[in-house]
Amino acid sequence: MRPAEATAFAPASSANLGSGFDLLGHSLEGWRDHATVRRIDAAEVRIEGIEGVVTALPARAEDNTAGAALIAMRDALGLPFGFAVRLRKGIPLGSGLGGSAASAVAAVVAANALLDAPLPAEALYPFALDGEAVASGSRHGDNIAPSLLGGLVAAFDPARAAPARLNAPQWLFTAVVHPAVVLETRVARAALAEPYPIQSIVKQTHHLAALLLGLERDDEALIRQGLDDVLVEPRRAALIPGFAGVKRAALEAGALGSSISGAGPSVFGWFRGRAAAEAGGAAMQRAFAEAGLATSLLVSPVAGPAADLVEPQD
């Protein structure tokens, strides 16, 4: 029997991953958003409440990532009914950890359970992308795809190809350190407006190829090369207080590589094993503290969880 309402969670995610700008991302254990969606007779989408670590989000559905995703879902499927949604945010705003994406993903996963014929997870991807575009100004899926599908994902243009799960070695863990500052995605993207020289683009392409091949082969040396970002990181580093010291701390602690998570200000390091990631994350936190910033640490396998249904939240 179809339920009257459903609750879903969607995990935080880390995107770009060095050389994979607007393409690669993986989900994270730990922080997550929840959406409780109710099917209503009115042919509309309503935001009925927002709570958690962020509450100052748009209450108008068209301006809210979860609401916009549900509107896209209704329109695409020609649904004669609507949805009312309540959000519980567990991912900080402007953190570089896919908070706007997670809200959109959680909403469509919950709403899908209320359909007479629920869709496979992959079919929800375009709807969540429409929601993400409200926050970021572009329809890129490097946070949406991993949050929805779990693990490490290449988020292709849905008009050309579905997102593809990639091999993430079981020994590969990430430490993601989030400083207590906000960096809006639109501001971070504005830093990339000027053209790049062809030599830099070619070098980045080589690094992306090394990363993809290294993941497929479990080749640590290739993964190290692939985590080197010569395009985006140099232009965004100045937006993150203490970034150079935090990256240096990660590498000195044994990270395969370290860079900006998504648009920032969070910084990640990839390590061999959980214990190394925990130790490296602590070193990164100390470096941020030297820059005067309090931080939170997430340690997760790169092959993180996928969005899923949960019992309704009280």
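At what angle do helix α1 (residues 65-77) and helix α3 (residues 125-136) pack, and how far apart are their axes?

1. Some ground rules. This is a predicted model, with local features needing pLDDT of at least 70 and side-chain atom pairs counting only at pLDDT 80 or more, while totals for chains, interfaces and linings use all residues. Residues are numbered from 1 along each chain as its sequence is written, and side-chain values use heavy atoms, leaving out hydrogens and water.

2. The helix pair. The angle between α1 and α3 is about 140 degrees, and their axes are 7 Å apart.

3. What touches what. On the α1 side, the contact (heavy atoms within 4.5 Å) includes Ala68, Ala72 and Met73, and on the α3 side Phe127, Gly131 and Val134 are among the residues involved. By type, the contact splits into ten nonpolar, two polar and two charged residues.

4. The cores. A nonpolar core here is a set of buried Ala, Val, Leu, Ile, Met, Phe, Trp, Tyr and Cys residues joined through side-chain atoms within 4.5 Å; buried means under 20% relative accessible area. The largest has 67 residues, with Leu70, Phe83 and Trp270 making the most contacts inside it. Helix α2 (residues 99-112) gives this core its largest share, ten residues. Another core, of 22 residues, lies apart from it and includes Ile240 and Ala287.

5. Ala291. Look for Ala291 in the loop between α10 (274-290) and β10 (295-301). Its relative accessibility is 37%, so Ala291 counts as partly exposed (between 20% and 50%, with a 1.4 Å probe and protein chains only). Beyond neighbours within four places in sequence, Ala291 is in contact with Pro241 and Gly242.

Definitions and conventions: Axes are lines fitted to C-alpha atoms, for helices over the stretch in contact, and angles run from 0 to 180 degrees between N-to-C directions. Helices (H or I, at least four residues) and strands (E, at least two) are DSSP runs, numbered from the N terminus. Ala, Val, Leu, Ile, Met, Phe, Trp, Tyr, Cys and Pro count as nonpolar, Asp, Glu, Lys and Arg as charged, and the others, Gly among them, as polar.
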